[in-house]
Amino acid sequence: MKLTTLRVGAGLLVSLGMAATAASAQAAPAKAAPAKAAPAQTPPAEAAGELSLTRLDCGKTTTLADVSRFSDVAAFNGLSVQLTFSCYLVKHGNDYLVWDTGNPAATGATPAPTAPKSSLVEQLAQLHLKPEQINFVGVSHYHGDHVGQVASFPQATLLIGKGDWDALTDAKNEAKPNPAINPANFAHWIGGGGKVEPVSGDKDVFGDGSVIMLNTPGHTPGHHSLLVKLKDKGNVLITGDLAHFRENYDSNGVPTFNTNRADTLASLDRFKQLATNLHATVIVQHDARDIDKLPVFPASAK
């Protein structure tokens with residue numbers, strides 16, 4: 001099935017800080033037609049070096065016989081969807097961001113069926129990278145299938161939504177454990193051993209507008225999605241768990257286990273307007289059908 005998007009006005013682009021477009025319009029002769037905005041898919045000048053995006057395998061795919069829990073209006077009864085667990089490496093010159101860390105790596109004689117065949121550290125080694133070279137480890141949200149290997153990057157600055165960080169560090173979690181929240185994965189940062197930046201809104205990761213964490217709460221209080229502006233491929237929007245599969249995305253489905261229904265719907269609306277205005281490739285992060293939207297590892301999109 002194809003993803004659908006909504007048409008909206010240009011106001012949202014202005015709100016994203018496209019100052020360069022405004023400057024061009026101001027410089028045009030008085031009687032000339034208004035200056036045409038630069039194509040949305042064109043990223044800022046790559047003064048800092050090459051920008052690329054690589055998909056990393058973070059777990060085996062699973063065929064779900066029943067995905068009804070992904071809709072609070074019983075939209076998916078009888079639907080079977082194959083899910084995957086994906087993580088991503090963003091290279092920005094000599095700086096790196098790992099986005100989501102997936103399921104825990106396989107251990108023991110009988111590893112978990114969802115465990116990836118190779119850990120993130122092992123996959124990065126194939127790209128000649130060591131964990132200490134990763135500047136940022138960003139997580140879309142605190143659920144275990146997105147943070148299972150976060151502890152592999154203790155020297156990286158942790159980027160996490162403030163609402164999620166507050167939930168992780170809330171003392172009430174110790175008195176009333178929540179199975180969806182496991183502070184142990186973040187013990188290094190919670191204990192002050194590493195640098196953490198709780199992100200309350202959007203976050204321009206490298207400071208030049210090329211990679212932006214987008215505030216899309218609802219699945220969890222601090223959920224974020226990711227926008228990467230590539231030179232050749234154009235803009236890429238990665239959902240996180242804003243939607244789990246294409247049918248979920250197309251129908252604005254709200255899972256029964258989301259923390260806020262209204263926030264989820266508002267986030268989906270914002271994300272889809274961005275997808276339209278930025279002419280973006282949308283990757284539904286858990287949908288196995290979206291894997292081939294990026295090159296096969298170890299190749300990357302640029």
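This is a predicted model: local features need pLDDT of at least 70, side-chain atom pairs count only at pLDDT 80 or more; totals for chains, interfaces and linings use all residues.
Trainee: Where should I start with the nonpolar core, and which residues touch the most other members?

Mentor: Here is the general idea: in soluble globular proteins, nonpolar side chains tend to be buried together. In this model the largest nonpolar core has 26 residues, and those touching the most other members are Leu-89, Leu-124, Ile-134, Val-150, Phe-153 and Leu-158. At least two residues come from each of β4 (86–92), β5 (95–99), α3 (120–126), β7 (157–161) and α5 (162–169). The largest share, 3 residues, is supplied by α5.

Trainee: What is Leu-158 in contact with, leaving aside neighbours within four places in sequence?

Mentor: Its partners are Val-137, Val-150, Trp-165, Phe-186, Trp-189, Lys-195, Val-196 and Glu-197. Apart from this core lies another one, of 21 residues, including Leu-51, Leu-53, Met-213 and Val-228.

Trainee: Now the rings. How many aromatic pairs are there, and how do I describe one?

Mentor: A pair of aromatic rings is described by the distance of the centres and the angle of the planes. The count here is 5 aromatic pairs. Take Phe-136 and Phe-206: they are edge-to-face, 5.8 Å centre to centre, with 75° between the planes. Phe-136 belongs to strand β6 (residues 136–138) and Phe-206 to the loop between β9 and β10, so their pair ties together parts 70 residues apart in sequence. Both Phe-136 and Phe-206 are buried.

Trainee: What sort of pair do Tyr-249 and Phe-271 form?

Mentor: Theirs is edge-to-face too, at 6.0 Å centre to centre and 80° between the planes. Tyr-249 sits in helix α8 (residues 246–250) and Phe-271 in helix α9, 22 residues apart. Tyr-249 counts as buried because its relative accessible area is 0%, and Phe-271 is buried at 1%.

Trainee: Which charged end sits over the ring of Tyr-249?

Mentor: The charged end of Lys-272 does, 4.7 Å from the ring's centre. Elsewhere, Phe-70, Phe-76, Phe-245 and Phe-257 form one aromatic cluster.

Terms used: Residues are numbered from 1 along each chain as its sequence is written. Side-chain values use heavy atoms; hydrogens and water are left out. A nonpolar core is a set of buried Ala, Val, Leu, Ile, Met, Phe, Trp, Tyr and Cys residues joined through side-chain atoms within 4.5 Å. Buried means under 20% relative accessible area, exposed over 50%, partly exposed in between (1.4 Å probe, protein chains only). Helices (H or I, at least four residues) and strands (E, at least two) are DSSP runs, numbered from the N terminus. Contact means heavy atoms within 4.5 Å. Rings of Phe, Tyr and Trp (its six-membered ring) pair if their centres lie within 6.5 Å; planes under 30 degrees apart count as stacked, over 60 as edge-to-face and the rest as tilted. A charge sits over a ring if NZ of Lys or CZ of Arg is within 6 Å of the ring centre and within 35 degrees of the ring normal.
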